[in-house]
There are 2 protein chains.
Amino acid sequence: MTAQARGLHARVLDSLGPAITAGAYPPGSVLRTDELAQRFEVSRSVMREVVRVLESMHLVASRRRVGVTVRPTEEWNVYDPQVIRWRLAGADRPRQLRSLTVLRSAVEPVAAGLAARNATAEQCAALTECALGMVATSRGRRLEEYLVHDIAFHRVVLDASGNEMFARLGDVVAEILAGRTHHDVMFEDPDPAAVTLHVRVAEAVREGDADRAEALTREIAEGALRELDILAPPPSAR
Amino acid sequence: MTAQARGLHARVLDSLGPAITAGAYPPGSVLRTDELAQRFEVSRSVMREVVRVLESMHLVASRRRVGVTVRPTEEWNVYDPQVIRWRLAGADRPRQLRSLTVLRSAVEPVAAGLAARNATAEQCAALTECALGMVATSRGRRLEEYLVHDIAFHRVVLDASGNEMFARLGDVVAEILAGRTHHDVMFEDPDPAAVTLHVRVAEAVREGDADRAEALTREIAEGALRELDILAPPPSAR
DNA sequence: CTTACTCAAAAAGTCAGACTTTTACAGCAC
DNA sequence: GTGCTGTAAAAGTCTGACTTTTTGAGTAAG
């Protein structure tokens, strides 16, 4: 499935990166470039390039005479899409999913409000189309088709906000939504209330009603959080 | 000022990276590793490692027989701290600052709400201390001291939220606040209303009042946005 | 016993050159 | 015009030698 002939560099990175984010080498562990090169059966050049990339992600720090030390989790570049992917594929996927969903719940309402102000006619049309698509596929186990429209909807909102930082969270949202469908609750049809909310958000954006778009999106986000609380309860109560 | 002997790799990266984010090589431009190596007077190994890092930031894409092509802005990893730093140092600093401030205004209120629920006793104490420090240095052109407390305050809130993604925005907020003091309005004392709001946020968090902490932080954020509208007006009205 | 200095080794960092692999493109045949 | 084929350009990979920084052991002085 995953591309095989993507070059040595990419292959080693996709092997070592997830291992580190999964905690196979706990923070403070020391690796040596030469040893790694041997282990992965690649030349030192390739391994050096891999280490440099991991270093740029703040997963490791390379120091002379010491080696390549794994950094503590708090220092990782957790917004790096690659790191996000690695962690979502790993064991602490639930915790990761929670962090990202909370982030999403903070960002999307504000993005929707901005979208109501800034969306172009084309974006409004796209939004309506997505919402209609969601309605059309919301019943009868057409989950894959529904997912496509759902992802597209949220992407358009984030793009239409006109904020670059928001727009770049489109992939994260896509990952979350896809995860929900594929891992968690793929047996039942989407919540009709959520579908309706999407339609109403599209309306609000079209009418330029920022406050309503924000409030409605906040409801969608709260729904996502509630869903998460059921599937993967938070750490604990106070 | 900036470290000089940080290794060739870092020096070339810090030269080429900002050049790209500044638009010196417009998207679609094609560079050749060999040519770059000559231009920067380093070996191909070093330049290859630099290119690999830029590639992991999605600033460029390297393809055989073609070369290293600069990617369009929308594909850059705009959350990479390094990229953020480069862009903030460049010409479109104002636009960048706006994007980040909007992001901040979306995230911090939610983070404060979570902090009210999750903050430890130590974090509450730290928060109060920061707020008091802000009060103490809020008058008499003690802007540098004030800044330290301000940054610390927002860092503690983001950390105390217990959300990893929020916590990692501490550096971004620090950058924004520092930028405000150093570039924009360093002539007058901070807004007394803002200082009071910080004190009240600390209170709310201490008392575990999530809604109030969120609302108060939203006021702080709105203040920051208003300030931004004055200093660097948004694109245009509808 | 502690402190300060020296020095050797370990590991990353750098360089140079040869070779391999992919692939865009030109030129040719149909 | 369409399709094939071959060539060259550029990245990708490997190897080995050399340099630089840095740690920590050993040693001498207090």
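A salt bridge is counted here where a side-chain nitrogen of Lys or Arg lies within 4 Å of a carboxyl oxygen of Asp or Glu. By that rule, 6 salt bridges are found across the interface of chain B and chain A in this structure, which is a predicted model. One of them joins the side chains of Arg52(A) and Glu49(B), with 2.4 Å from N to O.

**The protein interface**

The contact between the chains draws on 38 residues from chain B and 38 residues from chain A. The area buried between chain B and chain A comes to about 3,300 Å², and carbon and sulfur atoms supply 54% of it. On the chain B side, the residues that lose the most area to chain A are Tyr79(B), Met165(B) and Arg168(B), which together make up 22% of what that side buries.

Polar contact is also found across this interface, where 19 residue pairs qualify, both partners being at pLDDT 80 or more. The elements of chain B that give two or more residues to the side touching chain A are α3 (44-56), α4 (81-88), α5 (93-118) and α8 (164-167). Among these elements, α5(B) gives the most, with 12 residues. Sorted by class, the side of chain B that touches chain A holds 17 nonpolar, 8 polar and 13 charged residues.

How are the two chains related? The same surface serves both copies, since 100% of the contact residues of chain B recur in chain A.

**The surfaces near the DNA**

Around DNA strand D there are 24 residues, of which Leu8(A), Ser43(A), Arg65(A), Thr33(B) and Arg48(B) come nearest. Of the atoms of DNA strand D that come within 4 Å of the protein, sugar and phosphate account for 70%.

DNA strand C is surrounded by 23 residues, and the closest are Thr33(A), Arg48(A), Leu8(B), Ser43(B) and Arg44(B). Sugar and phosphate account for 72% of the atoms of DNA strand C that come within 4 Å of the protein.

| Residue and atom | DNA strand and atom | Distance |
|---|---|---|
| Leu8(A), backbone N or O | DNA strand D, phosphate oxygen | 2.5 Å |
| Arg52(B), side-chain N or O | DNA strand D, phosphate oxygen | 3.1 Å |
| Ser62(B), side-chain N or O | DNA strand D, sugar or linking oxygen | 3.1 Å |
| Arg64(A), side-chain N or O | DNA strand C, sugar or linking oxygen | 3.2 Å |
| Leu8(B), backbone N or O | DNA strand C, phosphate oxygen | 2.4 Å |
| Arg44(B), polar side-chain atom | DNA strand C, base nitrogen | 2.8 Å |

Which elements give two or more residues to the surface near DNA strand C? They are α3, β2 (60-63) and β3 (67-70) of chain A, together with α1 (8-21) and α3 of chain B. The largest share of this surface, 3 residues, comes from α3(B). By class, the residues of the surface near DNA strand C divide into 6 nonpolar, 7 polar and 10 charged, while those of the surface near DNA strand D divide into 6 nonpolar, 7 polar and 11 charged.

Technical notes: Residues are numbered from 1 along each chain as its sequence is written. Chains are lettered from A and ligands numbered from 1 in the order in which they are written. Side-chain values use heavy atoms; hydrogens and water are left out. Contact means heavy atoms within 4.5 Å. Buried area is the accessible area (1.4 Å probe) that two parts lose on being put together, summed over both. A polar contact is a pair of N or O atoms within 3.5 Å; within protein, one must be able to donate a hydrogen and the other to accept it, and residues adjacent in sequence count only if both atoms are side-chain atoms. Helices (H or I, at least four residues) and strands (E, at least two) are DSSP runs, numbered from the N terminus. Ala, Val, Leu, Ile, Met, Phe, Trp, Tyr, Cys and Pro count as nonpolar, Asp, Glu, Lys and Arg as charged, and the others, Gly among them, as polar. A residue is near a molecule or strand if one of its heavy atoms lies within 4 Å of it.
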